[in-house]
Amino acid sequence: MVKPFVPQLVYVEPRAMEYPLGKELVEKFENQGIEIRETTSHNQIRNLPGENHFQKYRIAKSTLVVGVRKTLKFDTSKPSAEYAIPFATGCMGHCHYCYLQTTMGSKPYIRTYVNVDEIFDKAEEYMKERAPEPTRFEASCTSDIVGVDHLTHTLKKAIEYFGESEHGRLRFVTKFAHVDHLLDAKHNGRTRFRFSINDDYIIKYFEPGTSRLHERIEAAVKIAEAGYPLGFIVAPIYLHEGWKEGYLEMFEKLEAALPSHARKDLTFEMIQHRFTKPAKRVIQENYPMTKLELDESKRKWKWGRYGIGKYVYTSEEQEDIKDTLGGYMQRLFPEAKLEYFT
């Protein structure tokens, strides 16, 4: 069982102490005997300990920075929402393939933002612009927010804030099973709680530091019992020896565990494994022993948005993945909706 995240080292921006959450977190970490240092900005942590890149990277992944989010312009989000809502950046998991490795570059430490009410005020502006259309906010574009929320309860506040909003909807995805504090949140059905799931081979070899499949499924059952709309992201779909059996087993375990009422409004999102040249460099630097298949000659080149190309599976492989996993989903979860396959 992966234990809930506890930082080894904490940095605090002085301005964070002007907010109740900043004070509360500093007091909590002082009581736990965790070293606390000051930093002028959550973007500028210069003196992280460690003798070499390998050590510095691992220490950064267990470092929490308590800061103030100054840029309150929300990014337009992924296929799943209109906007990304920024409560945290970074993740304590060590998923070898993760795109955050390249987007965060030299700043793999975890940042949590304490000016939560200002973030809500900005969300309110976006909702008013689109009203009476609903506006969906994705809370996990740059972090695994559940992984840190047992410390901050920011996500819990957000669930209750959107639970009372007329036009807002919240969604996020996690690989962590530490959900107990969220079960009594007054969500009013306006938050879709999604779990990232994969077959046992991928979780074992490429997702260290995250909850195991059976733990995520157990957490999903708790979330379903708490009445949240539920979803699953199968990502990254990765071809390995025995992948068809592995994914069938994953779907069967899910089907065996989920209560029937949770299937009425169930969503799936499916994302195949892909990588860019810069990502490959960073992955091999951060995880030099990885078994991840990153051979460009076995892939198809595809232009991405923003002019960055990526390596994806061949057209035949993509068809095979879609037919196989789509078939499993239709057979075992006939009422579920596939939001997208990419």
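The second largest pocket is lined by 15 residues, with His-53, Lys-56, Tyr-57, Ser-106 and Pro-108 nearest its centre. A pocket here is an open set of points on a 1 Å grid over the protein atoms alone, where a 1.4 Å probe fits and protein lies on both sides within 12 Å along at least five of seven lines; lining residues have an atom within 4 Å of a point. Its volume is about 250 Å³, taken as the space filled by probe spheres set on the points. The lining divides into seven nonpolar, five polar and three charged residues. Helix α2 (53–60) contributes four residues, the most of any element, and α10 (277–286) supplies at least two.

The model is predicted: local features need pLDDT of at least 70, side-chain atom pairs count only at pLDDT 80 or more, and totals for chains, interfaces and linings use all residues. Residues are numbered from 1 along each chain as its sequence is written, and side-chain values use heavy atoms, without hydrogens and water.

Strand β11 (residues 267–272) has five of its six residues buried, that is, under 20% relative accessible area with a 1.4 Å probe, protein chains only. Helices (H or I, at least four residues) and strands (E, at least two) are DSSP runs, numbered from the N terminus. Strands pair if DSSP finds at least two bridges between them.

| Partner of β11 | Sense | Bridges | Residue paired with Glu-269 |
|---|---|---|---|
| β10 (residues 230–237) | parallel | five | Ile-233 |

β10, helix α9 (residues 243–257) and β11 form a right-handed β-α-β unit: with the strands pointing away from the viewer, the path from the first strand over the helix to the second runs clockwise.

Methods: Buried < 20%, exposed > 50% of the residue type's maximum accessible area, 1.4 Å probe, protein only. Nonpolar A, V, L, I, M, F, W, Y, C, P; charged D, E, K, R; others polar.
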